[in-house]
Amino acid sequence: MTAPDVHGDVRDRPPVTERRLHPVTPLRRAWAPVAVLIGWALHDPDQAQRQLTRLTTTHLLIGLAVLIPAAALYGFLTWWFTHFAVTGGELRIRTGLLFRRTAHIRLERIQAIDVTQPLLARVAGVAKLRLDVIGTDKKDELAFLGAGEARALRAELLARAAGFAPETAHEVGEAPSREMLRVPPGVLAVSLLLTGATWGWLLVAAVVVPLLWTATHSLWTVLAASVPLFGAAGASSVGRFVAEYDWTLGESPDGLRIDHGLLDRAHETVPPGRVQTVRLVEPLLWRRRGWVRVELDVAGSSNSLLLPVAPRELAESVVARVLPGVSVPPREALSRPPRRARWCVPLWWRGYGLAVTDAVFATRHGLLRRSLSLVPHAKVQSVRLAQGPWQRARGVADVHVDTGANKSVTARLRDATEAAALLRSQAERSRTGRRDARPDRWMT
């Protein structure tokens with residue numbers, strides 16, 4: 001038997017072409033030395049102020065003459081030493097100026113690929129490619145690529161992840177998308193005004209600021225306390241409006257497409273089969289209008305919002321697209337805990353509910369802000385029963401359902417006998433659900 005010709009095998013492999021990021025990338029990375037100086041100044045403001053008072057005009061000009069070329073050189077070198085390449089089964093990213101790092105991202109482990117464009121990137125015609133990969137806590141990214149190149153690379157990676165041959169994957173192109181709904185800006189603005197978080201922060205500011213002024217008569221103390229409060233109110237209203245503006249949901253073979261953003265545009269994908277939990281959230285002031293917010297838990301992805309606001313009927317139809325074969329249980333189908341549970345959680349026990357259908361494990365909690373969580377049986381990884389001493393005295397228990405997104409959904413304060421039966425039956429439903437579930441694949 002002769003040994004295989006290793007060198008011949010290597011020569012027969014197709015060459016790997018490495019590419020660089022867009023030429024505007026050094027401008028973004030040149031800010032790193034400046035950020036270090038700003039961080040030092042914020043860490044020790046007194047020392048920074050003393051150093052600044054000693055600077056003369058000549059020293060300042062010399063410092064700028066050194067800092068600007070150094071920042072430009074750093075940005076250029078980090079761009080020059082960054083390469084990426086798509087091989088037969090992985091995306092390879094090489095980075096590092098002094099310390100080299102090579103990331104090998106297996107294509108079959110990619111769960112979502114998002115294209116984002118901050119405001120300045122939109123002006124420059126570039127985009128950022130962000131990848132959700134199983135087993136990593138944060139997203140790998142390629143920043144920046146040309147906008148057209150980013151979309152083409154995304155389509156190629158998804159095609160290869162779906163099993164297309166490397167020589168034909170680049171010809172597949174981006175899967176066609178059909179628009180399902182678009183959230184009007186007026187509806188979004190009204191929904192944010194009817195959210196209690198904004199008014200809650202403003203109410204806290206209206207109480208805290210006068211009290212601090214009365215107690216201290218210090219303008220700096222009042223500003224130090226009021227700026228974070230008004231900032232939180234703005235983030236829960238204006239900030240969310242800017243981020244969720246022109247929210248568009250589309251359907252395509254590679255998942256649900258989400259486009260949104262007023263200043264920074266984001267193009268995200270909810271991958272098929274990876275959604276573990278869907279939540280329908282109803283703030284108190286939304287109920288008369290019949291609006292809900294749809295949130296998600298997705299395995300291997302940080303995408304957590306599907307719809308910022310929508311009529312309940314329309315939201316339920318979208319849920320049916322995300323979780324095929326699952327329908328949202330009606331309110332009357334959700335059973336409350338027994339009345340003796342009121343001694344465990346007075347008043348709030350009325351907000352708890354549970355419904356188990358052939359397809360889904362559904363729980364509800366909250367009185368002012370209702371949240372209905374839906375977990376398909378096939379997505380349940382484990383089931384646990386928890387019962388504290390006070391719950392044992394009242395004959396109730398909690399049943400926790402753990403999903404593949406490292407999150408839990410809990411049926412609270414159920415009758416102890418019911419909880420024990422639910423523990424056994426849910427374990428069996430999950431086993432049969434996983435056995436009968438279709439494999440999670442792209443573009444199928």
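Trainee: Is Glu 295 buried or exposed?

Mentor: Glu 295 counts as buried, at 16% relative accessibility. Buried means under 20% relative accessible area, exposed means over 50%, and partly exposed is in between (1.4 Å probe, protein chains only).

Trainee: What should I know about the model before we go on?

Mentor: This is a predicted model: local features need pLDDT of at least 70, side-chain atom pairs count only at pLDDT 80 or more, and totals for chains, interfaces and linings use all residues. Residues are numbered from 1 along each chain as its sequence is written, and side-chain values use heavy atoms, with hydrogens and water left out.

Trainee: Which residue meets Glu 295 in a salt bridge?

Mentor: Arg 369 does, at 3.8 Å from N to O. Arg 369 is in strand S16 (residues 369-376) and Glu 295 is in strand S12 (residues 291-298), so the bridge ties together parts 74 residues apart in sequence. Arg 369 itself is partly exposed, at 48% relative accessibility.

Trainee: What counts as a salt bridge? And as a strand?

Mentor: A salt bridge needs a side-chain nitrogen of Lys or Arg within 4 Å of a carboxyl oxygen of Asp or Glu. Strands (E, at least two residues) and helices (H or I, at least four) are DSSP runs, numbered from the N terminus.

Trainee: How many salt bridges are there?

Mentor: The structure holds 23. Some link up into a network, with Arg 240, Glu 244, Arg 279 and Glu 295 among its members.

Trainee: Which residue pairs with Arg 384?

Mentor: Asp 402, with the closest N and O atoms 2.9 Å apart. Arg 384 sits in strand S17 (residues 380-386) and Asp 402 in strand S18 (residues 396-403), so this pair joins parts 18 residues apart in sequence. Arg 384 is partly exposed at 38%, whereas Asp 402 is buried at 12%.

Trainee: What does S18 pair with?

Mentor: S19. The two run antiparallel, joined by six bridges. Strands pair if DSSP finds at least two bridges between them. Ala 397 stands opposite Arg 414 in S19.

Trainee: How many residues sit between S18 and S19?

Mentor: Four, and the two strands form a hairpin. Asn 406 in the turn has a positive phi of about 60°.

Trainee: New topic. Which residues of H12 are buried?

Mentor: Arg 312, Ala 315, Val 318, Val 319 and Val 322. They cover an arc of only 115° around the axis, which puts them on the same side of H12. That arc is taken from the directions from the helix axis to the C-beta atoms.

Trainee: Why would residues a few places apart point the same way?

Mentor: An α-helix has 3.6 residues a turn, so residues three or four places apart point the same way.

Trainee: What about the whole chain?

Mentor: The chain has 14 helices and 19 strands. Buried residues make up 41% of its 444 residues.

Trainee: Last one. Where is Phe 99?

Mentor: Phe 99 lies in the loop between strand S2 (90-95) and strand S3 (101-106). At 73% relative accessibility, Phe 99 is exposed.
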